[in-house]
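Please consult the sequence and the model alongside the text.

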Amino acid sequence: MEIRIGIANTGRELSFETSEAADAVKKSVAGALDSGATHLTFNDSKGNSYIVPTAGLAYIEFGSEESRRVGFVA
């Protein structure tokens with residue numbers, strides 16, 4: 001699944017692929033925001049970790065969970 005995170009006062013967005021289910025990621029984000037956590041932690045499919053401050057979140061976009069097709073379709 002692809003996740004794109006917009007950060008306030010920044011011209012770029014953070015974009016990465018994760019192997020976690022969309023519902024699990026949404027639940028962890030909602031839980032962190034509801035509890036007043038200062039940051040969110042994400043792990044991508046390559047083993048990288050990202051820490052994002054909740055105060056700077058502009059948006060979080062969740063992509064589809066299906067993998068992209070590669071090649072030509074006849």
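The structure holds 2 salt bridges, and the model in which they occur is a predicted one. Salt bridges that share partners join R4, E13 and E61 into one network.

**Salt-bridge network**

- The side chain of R4 meets that of E13 in a salt bridge, with an N to O distance of 3.7 Å.
- A salt bridge also forms between the side chains of E61 and R4, at 2.5 Å from N to O.
- This second pair links distant parts of the chain, since E61 belongs to strand β5 and R4 to strand β1 (residues 2-7), 57 residues apart.
- R4 counts as partly exposed at 28% relative accessibility.
- E13 is partly exposed, with a relative accessible area of 34%, and E61 is likewise partly exposed, with a value of 34%.
- Side chains of opposite charge can pair when their charged atoms come close.

**Surroundings of L14**

- L14 lies in strand β2, which spans residues 13-17.
- Beyond residues up to four places away in sequence, L14 touches I3, R4, I5, Y50 and V52.
- L14 and Y50 are separated by 36 residues in sequence and by 9.1 Å in space, C-alpha to C-alpha.

- T54 is located in the loop between β4 (49-53) and β5 (57-62).
- T54 is classed as buried because its relative accessible area, 17%, falls under the 20% cut-off.
- Leaving aside residues up to four places away in sequence, T54 touches L33, A37, T38, H39 and L40.

Note on methods:
Residues are numbered from 1 along each chain as its sequence is written. This is a predicted model: local features need pLDDT of at least 70, side-chain atom pairs count only at pLDDT 80 or more; totals for chains, interfaces and linings use all residues. Side-chain values use heavy atoms; hydrogens and water are left out. Helices (H or I, at least four residues) and strands (E, at least two) are DSSP runs, numbered from the N terminus. Buried means under 20% relative accessible area, exposed over 50%, partly exposed in between (1.4 Å probe, protein chains only). Contact means heavy atoms within 4.5 Å. A salt bridge is a side-chain nitrogen of Lys or Arg within 4 Å of a carboxyl oxygen of Asp or Glu.
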